[in-house]
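Look through the structure below.

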Amino acid sequence: MRITTPYKLGLLGFVTALAIGVPVGAQIAKKNVIGLFTAVAGKVMVTHVGQPAATPTKLHADVYFKDAIETQAGARAKALFQDDSILTVGEKSRVEISEHVYNPANNQRSTVLKLVQGKARVLVGKFFAGAGSKFDVHTDTAVAAARGTYFVVWLEAPAGTTGVANIGTSGTVGFTSGGQTVEVGPRTFSFALPGAPPSLPVTITPTGPAGVNEAIAGTEVDDMPKEESSAEVAKQSGEGLGLEEGQPGSLIPPSPVTPPGVISGSGRGAASGSPAGSTIPGSPPSDDDD
Amino acid sequence: MFFHAVLLWILLVALTVFLPITSSYAQVALPSESYDLNFSKGLAEFSHDRYESAEPYFRKALEAKPGDPEATFYLGQTLTRTKQYEEAEAVFRTLLAAEPSSGRGHLGLGIVLYNRERYREALDSLAHAEKALPNEPLVYYYQGLSHYRLAEYQRTPPRLLRAMTLGPDLAPSAHYYSGLAYFERGVLDEARTEFEAVRTLDPQSDRGRVAGIYLEQIARGGPRKRNIWDLALSISPQWDDNVVVLPRGASPPGGATGISRRSDYRTVLFLRGEIRAFEQGPLLAGANYSLYQSFHQRLSGFDVESHTPVAFVQATTGPVQTRLQYVFDYIKVGRAPYLIAHAFAPLITVTETPALFTQIHLRYQDKDYQHGRFKSNSFRDGHNWLAGATQYWLSDGKTAHVRAGYTYDKEITGGPKNVSKATQASPADWASQGHRFLVGTLLPPIHHIWVDLGFDYYLQRYDNANSFSPSGDVVRTDKIYTFSVTASRQITDRFSLALQYLRTQADSNIATFAYDRNIYAAVLTGQF
């Protein structure tokens with residue numbers, strides 16, 4: 001096939017654009033990183049903004065602004081955000097990161113997550129006093145606004161009831177539904193039917209509603225360290241042995257020929273072959289003389 | 001609205017009353033946000049190899065949940081990886097107190113004990129780990145290394161073989177240390193196989209390069225066996241343009257009896273033998289004996305005969321090698337007894353990095369000068385204290401180095417201060433303090449020739465007015481500059497040849513002790 005000049009120019013332009021565009025795109029993408037996955041169990045799919053389809057994610061993969069995280073049956077994921085908040089997504093759940101502004105210089109963080117399906121746990125590690133700071137989890141019919149705490153939000157099928165359990169030891173969750181807000185204090189939970197105001201908070205107990213305890217247990221995920229090979233662990237943990245060239249056990253490198261010092265009066269110089277190489281080559285001029 | 005409220009109430013009642021409680025959560029306490037947050041952050045830092053950052057998070061996690069095994073384990077790991085072995089040991093012991101059968105706890109402790117060079121204890125801990133984690137390659141790997149460190153070479157390869165079978169990524173280093181163990185035992189076929197495996201698996205690494213060196217040694221007929229003894233003999237023709245008596249570094253006796261101001265040829269014979277009677281792992285003990293004998297062509301009164309037996313004990317602990325030595329000297333000058341000395345001279349070598357090490361020199365010496373050829377020689381009887389250090393910087397491949405050092409010494413003789421008078425010698429003439437500065441370099445070999453250059457400045461300030469000064473009231477100060485250059489080459493496996501030049505310029509404010517000197521020498525050395 002004969003390649004025409006316009007075709008060549010077009011190809012060149014495309015390659016140039018690709019060469020320039022890919023790193024820039026990567027930079028932009030990197031700029032939008034808001035955290036990383038610290039645990040991924042089972043099949044967890046993530047849709048990044050601008051990507052046509054969800055792709056499986058893995059441990060320590062980055063979390064990007066506007067990501068949608070979706071777990072399949074038996075799967076769970078945990079993400080640590082740069083603002084010291086932690087999101088855990090239970091099985092058969094979908095969470096979308098609708099808004100994330102983190103500006104530590106202005107003491108500002110504004111995050112909105114949308115729980116589309118299933119259950120999610122949020123640990124809001126830091127309190128931000130800057131204007132407009134918030135950490136909300138939305139469902140179709142309710143909003144859970146964290147005020148520095150640790151809580152679980154879940155949706156119950158088929159009625160679409162939203163549940164909120166504050167599992168922290170301090171702080172409250174402002175739970176709004178049907179135009180009304182209740183403060184869900186530490187160790188309490190509340191429900192809200194679609195369009196209805198939330199119930200009064202009730203203390204979480206082991207004998208409480210199964211849905212509450214299942215939501216809490218279902219968002220429990222242990223953090224996972226990175227996979228390390230045995231050789232990496234050994235390297236990091238210390239092997240204590242150097243490359244013992246020439247003379248195992250020696251601290252000092254093998255010596256070149258060292259004659260007795262011209263000015264040796266006794267016992268110095270030629271002894272470069274002393275045990276374990278303790279005499280180094282080219283010893284300083286001896287203080288012995290004749 | 002009312003309908004919704006009723007429905008919600010019914011739902012809550014139903015949930016509370018009718019639904020069975022199946023959650024596992026029912027059996028556990030609610031989580032701690034402080035623990036969860038700090039543990040997550042700690043583990044994230046740990047996973048990115050940022051161990052210093054990870055440590056405080058694990059500590060905070062443990063504050064939130066004291067005794068938590070996960071946080072304890074990772075704190076121990078973090079401390080191990082930041083080489084805080086003492087603390088790491090305490091953390092793993094805490095973990096094992098709570099979970100005595102924890103395999104990872106025993107493994108962690110075993111690794112820490114190995115790094116603390118407590119190999120026997122490491123093996124005990126690793127034996128427990130083996131029971132709990134029979135398929136963990138690191139258990140066998142550290143067992144192999146511990147046996148190697150204990151010089152139990154026969155037990156090293158089987159452990160390492162098991163390690164690499166379970167963890168193939170350990171193969172390059174496991175083969176390497178197996179090779180070393182076989183090499184130590186003189187089982188060269190197996191050593192060759194192991195080193196060849198290293199070369200195949202890891203040809204570009206330092207380990208691969210060193211394996212190549214061992215293979216070359218094996219190809220040449222085996223390792224230079226570390227006999228329990230060695231012997232060196234040298235013969236050296238020398239020309240000296242100003243023959244000076246300076247055995248064992250002491251200033252020459254004053255006047256023409258010590259500084260000839262005449263040139264002469266001499267032949268020097270040197271013999272040194274050493275026996276290492278005890279060698280077990282990092283411990284070594286033995287003795288050596290050196291004989292130095294010079295024969296001048298004309299100035300036979302300047303001939304030196306020096307006998308120096310030495311007994312030593314040496315221990316290596318990690319990067320520190322300590323050698324304790326007792327040194328005895330019996331020296332004759334001009335066939336007459338000159339000096340009997342006893343010294344205790346520790347030498348400590350600290351390897352900071354593979355390219356950097358320090359030698360610390362200490363010495364206490366008792367000197368008993370003999371009246372023989374030199375009148376009033378015993379006035380010099382006394383003690384000498386010395387302390388100093390020399391720093392070495394090694395090149396890549398350790399074929400060259402640069403060094404710099406300093407030593408201080410103090411000579412203490414008997415007698416009251418400032419009693420010397422002109423022409424009336426006394427012990428006060430010889431009390432002094434010395435400061436020695438040295439620099440030098442060993443250059444990379446060119447055509448197998450090693451060249452060493454050294455410069456040494458010795459400032460010796462005497463304590464008292466000196467009887468050799470014309471008026472008897474001048475406090476002596478010597479400034480001695482020494483430059484040396486040595487070129488040496490191995491001729492055969494056993495013999496080497498060196499050419500040396502040495503220049504000394506001794507400036508003294510008392511003319512009788514000032515001199516210049518140039519020595520040219522060739523040295524043939526045989527090592528056996």
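Of the 290 residues in chain A, 51% are buried. A residue is buried if 20 or more other C-beta atoms lie within 10 Å of its own, exposed if 12 or fewer, and partly exposed in between, with C-beta atoms placed from the backbone. The model is predicted: local features need pLDDT of at least 70, side-chain atom pairs count only at pLDDT 80 or more, and totals for chains, interfaces and linings use all residues. Residues are numbered from 1 along each chain as its sequence is written, while chains are lettered from A and ligands numbered from 1 in the order in which they are written.

Chain A has three helices and 18 strands. Both are DSSP runs numbered from the N terminus: helices are H or I with at least four residues, strands E with at least two. Take contacts in chain A between residues at least 6 apart in sequence: 48% join residues at least 24 apart. A contact puts two C-beta atoms, placed from the backbone, within 7 Å.

Now the sheet. Nine strands of chain A form an open sheet in the order 4-1-6-7-10-13-14-17-18, with antiparallel pairing. Its edge strands are strand 4 (62–64) and strand 18 (202–203) of chain A, each pairing on one side only. Strands pair if DSSP finds at least two bridges between them. Strand 7 (residues 85–89) and strand 10 (residues 119–124) of chain A pair in the antiparallel sense over five bridges. There, I86(A) stands opposite L123(A).

Next, the cores. A nonpolar core is a set of buried Ala, Val, Leu, Ile, Met, Phe, Trp, Tyr and Cys residues joined through C-beta atoms within 7 Å. The largest has 113 residues; A144(A), F151(A), A165(A) and Y141(B) touch the most other members. Its largest share, eight residues, comes from helix 10 (residues 171–185) of chain B. Among the residues that A165(A) touches are F151(A), F189(A) and I216(A).

Finally, T200(B) sits in helix 11 (residues 188–201) of chain B. T200(B) counts as partly exposed because it has 13 C-beta neighbours inside 10 Å.

Key: Lists of a residue's contacts leave out its neighbours within four places in sequence.
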